[in-house]
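Q: I would like to learn how to read the features of a structure step by step. Could you take me through the one shown here?

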Amino acid sequence: MRLFSQAQFLRAVGHSRDLPPPELPEIAFAGRSNVGKSSAINALLGRRSLARTSKTPGRTQTINFYRLGEFAHLVDLPGYGFARVSKALRAQWGELVGGYLRSRASLVGVVVVMDARHPLTPLDQQLLGWLEGHRILVLLSKSDKLSRSEQASALAHVQRSLGAVPGAPQAMLFSSETRHGVDPLRGLLEAWLSESKPASEQAAEIKMPPVKGM
Ligand code: GTP
Ligand code: MG
């Protein structure tokens with residue numbers, strides 16, 4: 001899909017005053033340290049290493065913005081819940097990422113990445129709580145580490161826990177390694193972005209009925 005093949009790194013932000021203006025619809029990737037957020041962004045964009053990944057949890061420490069042409073931003077958030085980072089760094093996370101998630105006007109949805117082998121940990125639940133009111137997709141990453149039947153039961157477990165009420169988050173299996181789930185993820189994010197068009201553009205797409213007598 002063309003939308004995802006034109007990504008460029010835009011900016012790494014360490015302080016909220018440096019956030020780019022909220023002029024394009026934005027989709028953020030959030031989740032615990034090391035679950036595979038940056039790898040998922042690379043897989044989605046079809047790029048090997050546009051987003052920096054690492055075996056060491058806590059790799060991404062800034063909010064990293066990627067620009068999809070004229071259309072959207074993808075946002076790689078620093079992971080949270082990594083015990084070995086300093087208190088100061090944790091406080092910085094809260095201020096930077098918490099502030100971003102609370103107040104970013106252009107945010108159209110959040111992909112919450114969880115490890116498919118142990119999803120919905122207390123930290124994952126906490127993040128979902130913070131994100132109430134946002135459109136959410138739960139991405140069950142590293143699915144290649146599970147057998148087919150384990151994948152199916154992990155997905156069913158998460159779907160049951162999230163509930164089936166209208167507006168409840170959807171869940172999807174994903175692997176950056178095998179690219180399992182890349183196409184459905186692209187499809188869903190495209191749908192989010194097209195639903196988020198500014199009201200003026202949507203109105204222009206609705207053909208006005210001809211006015212009688214003109
Ligand atoms: P932080 O930025 O530290 O929060 O981490 P992150 O969530 O961005 O994780 P990252 O993408 O850096 O990946 C962490 C580790 O998991 C790396 O060693 C990746 O190679 C590995 N990894 C990520 N996705 C997958 C996957 O789908 N399958 C497998 N097997 N490994 C993965
Ligand atoms: Mg990362």
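Q: Which residues touch the most other members in the largest nonpolar core?

A: A word on conventions comes before the answer: this is a predicted model, in which local features need pLDDT of at least 70 and side-chain atom pairs count only at pLDDT 80 or more, while totals for chains, interfaces and linings use all residues. Residues are numbered from 1 along each chain as its sequence is written, chains are lettered from A and ligands numbered from 1 in the order in which they are written, and side-chain values use heavy atoms, with hydrogens and water left out. A nonpolar core is a set of buried Ala, Val, Leu, Ile, Met, Phe, Trp, Tyr and Cys residues joined through side-chain atoms within 4.5 Å, where buried means under 20% relative accessible area, exposed over 50% and partly exposed in between (1.4 Å probe, protein chains only). Here the largest nonpolar core has 32 residues, and Leu-77, Tyr-100, Leu-101 and Val-138 touch the most other members. At least two residues each come from β2 (26–31), β3 (63–68), α3 (87–103), β5, α4, β6, α5 and β7 (170–173), and α3 gives the most, with five residues. A second, separate core of 30 residues includes Leu-50, Leu-74, Met-172 and Leu-185.

Q: With what is Val-138 in contact, leaving aside its neighbours within four places in sequence?

A: Contact means heavy atoms within 4.5 Å. Val-138 is in contact with Val-112, Met-114, Leu-128, Val-158, Leu-162, Pro-169, Gln-170, Ala-171 and Met-172, once neighbours within four places in sequence are set aside. For the protein as a whole, 70% of the contacts between residues at least 6 apart in sequence join residues at least 24 apart.

Q: How many helices and strands does the protein have?

A: Helices (H or I, at least four residues) and strands (E, at least two) are DSSP runs, numbered from the N terminus. The protein has seven helices and seven strands, and from the N terminus on its elements run α-β-β-α-β-β-α-β-α-β-α-β-α-α. Of its 214 residues, 46% are buried.

Q: Which residues are buried in α4, and why do they line one face of the helix?

A: An α-helix has 3.6 residues a turn, so residues three or four places apart point the same way. In α4 the buried residues are Asp-124, Leu-127 and Leu-128. Seen down the axis, these buried residues of α4 fall within an arc of 100° (taken from the directions from the helix axis to the C-beta atoms), so they line one face of the helix. What covers them includes β2, α3, β5, β6 and α5.

Q: Is α2 mostly covered or mostly uncovered?

A: The helix α2 is mostly covered, with eight of its nine residues buried, among them Ser-38, Ile-41 and Leu-45. Lys-37, which lies in this helix, counts as buried at 5% relative accessibility. Beyond its neighbours within four places in sequence, Lys-37 has contacts that include Phe-29, Arg-32, Asp-76, Gly-79 and Val-113. The C-alpha atoms of Lys-37 and Gly-79 are separated by 8.1 Å, although these residues are 42 residues apart along the chain. In the loop between α2 and β3 is Ala-51, which is buried with a relative accessible area of 2%, and its C-alpha atom is separated by 7.9 Å from that of Asp-76, 25 residues apart along the chain.

Q: Which residues other than glycine have a positive phi, such as Leu-120?

A: Most residues other than glycine have a negative phi, and most peptide bonds are trans. Leu-120 has a positive phi of about 55°; this residue is found in the loop between β5 (107–115) and α4 (122–130) and counts as buried at 13% relative accessibility. Lys-142 also has a positive phi, near 60°; it is found in the loop between β6 (136–141) and α5 (148–162) and is partly exposed, with a relative accessible area of 22%.

Q: What volume does the largest pocket have, and which residues lie nearest its centre?

A: Rolling a probe the size of a water molecule over the atoms shows where empty space is left. On a 1 Å grid over the protein atoms alone, a pocket is an open set of points where a 1.4 Å probe fits, with protein on both sides within 12 Å along at least five of seven lines, and lining residues have an atom within 4 Å of a point. Grid points are joined across faces, edges and corners, and a volume is the space filled by probe spheres set on the points. The largest pocket has a volume of about 760 Å³ and is lined by 32 residues, of which Gly-36, Ser-39, Thr-53, Ser-176 and Glu-177 lie nearest its centre. Helix α2 (residues 37–45) gives the largest share of the lining, five residues.
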